[in-house]
Amino acid sequence: MDSIFNLSFEWIQYDFMRNALTAIILVSPLFALLGCMVINNQMTFFSEALGHAALTGIAIGAVAGLADPTWPMIIFATFLTGIITLLRKYSAASTDTIVGLVMAFSVALGIVILSKYGGINKYSKFLVGDILTITTGETIRLAITLGVVLLLWILYFNKLFLVSLNRSLAQSRGINVWLVEFIFSLTVALVVTVSIQWIGLLVINSMLILPAAAARNIARNISSYTLIAVGISLVSGISGLISSYYCGTATGATIVLISMGFFILSLIWRIRKGR
Amino acid sequence: MNMPSENSSPGVIHPPCGGCCTRLDGFGVSIGGSTILKDINLHVHCGELTAIIGPNGAGKTTLLRAMIGEIPHRGELHFVHSDGSSFGKPRIGYVPQKLDIDKTAPVSVLDLFFSLSSRYPLWFGHIYGAKKNALKMLKMVEAEEYASMKISQLSCGQFQRVMLAMALSPIPDLLLLDEPIAGVDKAGIEVFYRIASRIRREYDLSIFLISHDIAEVAKFADRMILLNRTILCDGAPEKVMASPELKQIFGFDYSPPAKTPEKELRLIGRHDCPTCGNCSGKKAEDSKQMTEDWGGKF
């Protein structure tokens, strides 16, 4: 019993694992909260595009000679969010066309810059992500991000929700729909950007979407939807971190696989309930 | 402030008076260079149910969407109180044509309700007191038993009644219903019109209702407006239905609507109006009650 206990908690003695665990505990609820709203807004493709746009931010940062690409990523993501919002408002194309278009542009731009100024290979850590390299300072940054989102979710959740449900209805209640959508998109952009190097560009969107998608199969109201998503996100985040430690796999991807398991279970539950 | 009497439902913004009126002056909408609506001049009083009819593409929905400010428009929308003072922008309740809601969304009727009427974050759950008020409003539209159901489980007619309850909390100055009964079965239509008609009287508000079912809506409307880019005919349903303009657009005559008890109450809508002078009549009797604003309690 003692040895099993030692084995299962062996990882906690390492600083990097403690930092990673803190980061996961911060990131999981953050992603779950955002993910619920992303699905409500049918914006999964948008958040995917933002993940890819981060690559371009990194490239721009590299050209500018910055060691930490966070600011260029945030600025570029903000820029793209603005472009998408404007195009949605003033162009006749559908949202998915606009997002696809903007994503293609930003990825191409990123690849062109990186291939010109310095090997794409160096930036593979952003593709896969490595949460084990997170420092205490960076976890504080995540904590602040979570704090901002929580504040937004406490003050303006109902407005965000109403806009996601039906824009005309929101408008009739005097809500500035475009502003609310822009602020939400910006929040997604911020969170994706801040966490991309820990989670990895390739799987970040799945981490955002999966817990919420699973919760959607089970929940009967908004409160249970949010809480189930946060629960699934936390459980798969923590168990994903621990199993990635023992299996020597990439943490982000491991977490996504576990969330996928939860999604399948929730789907089976839904089918058996006949809903 | 007087407390609401036992049988009055919670809250109106202003005491019922019969003298408030809504005016559209020179209202018009152009989108991308083409004129959708022009020269709309309208003057309605509270307590009136105005049916807007017209062919497809006449601009009926556009008119309502411009009134709520969703699309830019020319001209002015005024809401004038019975003492002549302007309220500024009226509080508008709106039930859209067809609410395009993701049917997989885990949203209960109460969630939907509180997303409009409360700032308390939905993911924290619901406040008991607010829930009681919501149930009261749902009861008014005969929908209290749906409160905990997911909105995807409701039928069209049930859903529209929930929407109506939401548009009524808090009680607006002006209620806009855009084909609220499209896709609703016959029994559901009757229930909806009956409720809308009763609410208009109880709360003394102006209702604009778009409908394709001219014969049915005529039974409940005080006034009918035939719209096709502009107002072609305006007046009592009998008058509009007998008009040559209507015959020209729809190609056939409508028989005058049968007299129903609703008709007898119609005159309540015609009161003293300081801003127009054309209309005459008595003020509504029960103007002293129902001044509580429950919107502030959230």
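In this predicted model, the contact between helices H2(A) and H11(A) is formed on one side by Met17(A), Ala20(A), Leu21(A), Ile24(A), Val27(A), Ser28(A), Pro29(A), Phe31(A), Ala32(A), Leu33(A), Gly35(A) and Cys36(A) of H2(A), and on the other by Tyr225(A), Thr226(A), Ala229(A), Val230(A), Ser233(A), Leu234(A), Gly237(A), Ile238(A), Leu241(A) and Tyr245(A) of H11(A). Two residues are in contact here if their C-beta atoms, placed from the backbone, lie within 7 Å, and helices (H or I, at least four residues) and strands (E, at least two) are DSSP runs numbered from the N terminus. By class, this contact holds 17 nonpolar, five polar and no charged residues, where Ala, Val, Leu, Ile, Met, Phe, Trp, Tyr, Cys and Pro count as nonpolar, Asp, Glu, Lys and Arg as charged, and the others, Gly among them, as polar.

Residues are numbered from 1 along each chain as its sequence is written, and chains are lettered from A and ligands numbered from 1 in the order in which they are written. Because the model is predicted, local features need pLDDT of at least 70 and side-chain atom pairs count only at pLDDT 80 or more, while totals for chains, interfaces and linings use all residues.

| Helix pair | Angle | Axis distance |
|---|---|---|
| H2(A) (15-40) and H11(A) (222-247) | about 150 degrees | 8 Å |
| H10(A) (204-218) and H12(A) (251-273) | about 15 degrees | 8 Å |
| H3(A) (44-63) and H9(A) | roughly 50 degrees | within 9 Å |

Angles under 35 degrees count as roughly parallel, over 145 as roughly antiparallel, 65 to 115 as roughly perpendicular and the rest as oblique. At about 150 degrees, H2(A) is therefore roughly antiparallel to H11(A), and H2(A) passes H11(A) in a right-handed crossing. A crossing is left-handed if the near helix is turned anticlockwise from the far one by less than a right angle, and right-handed if clockwise.

H10(A) and H12(A), by contrast, are roughly parallel to each other, and their crossing is left-handed. Among the residues in this contact are Leu210(A), Pro211(A) and Ala214(A) of H10(A) and Phe262(A), Phe263(A) and Arg270(A) of H12(A), and the residues of the contact divide into 13 nonpolar, five polar and one charged.

Phe46(A), Ser47(A), Leu50(A), Gly51(A), Ala54(A) and Gly57(A) of H3(A) meet Ser185(A), Val188(A), Ala189(A), Val192(A), Thr193(A) and Ile196(A) of H9(A), giving seven nonpolar, five polar and no charged residues.

H9(A), residues 177-199, has 23 residues and reaches 31 Å from its first C-alpha to its last, close to the 33 Å expected at 1.5 Å a residue, the expected span being 1.5 Å times one less than the number of residues. A kink of about 30 degrees is centred on Thr193(A), the bend at a residue being the angle between axes fitted to the seven residues ending there and the seven starting there. Gly200(A), with a positive phi near 100 degrees, follows H9(A).

Between the chains, 26 residues of chain B are in contact with 22 residues of chain A. On the side of chain B that touches chain A, the elements giving two or more residues are strand E6 (92-95) and helix H2 (109-117) of chain B, and H2(B) provides the largest share, four residues.

Within chain B, Asp39(B) has a positive phi of about 50 degrees although it is not a glycine, and Asp39(B) lies in strand E2 (residues 34-45). The peptide bond from Ser169(B) to Pro170(B) is cis, with omega near 0 degrees.

Technical notes:
Axes are lines fitted to C-alpha atoms, for helices over the stretch in contact, and angles run from 0 to 180 degrees between N-to-C directions.
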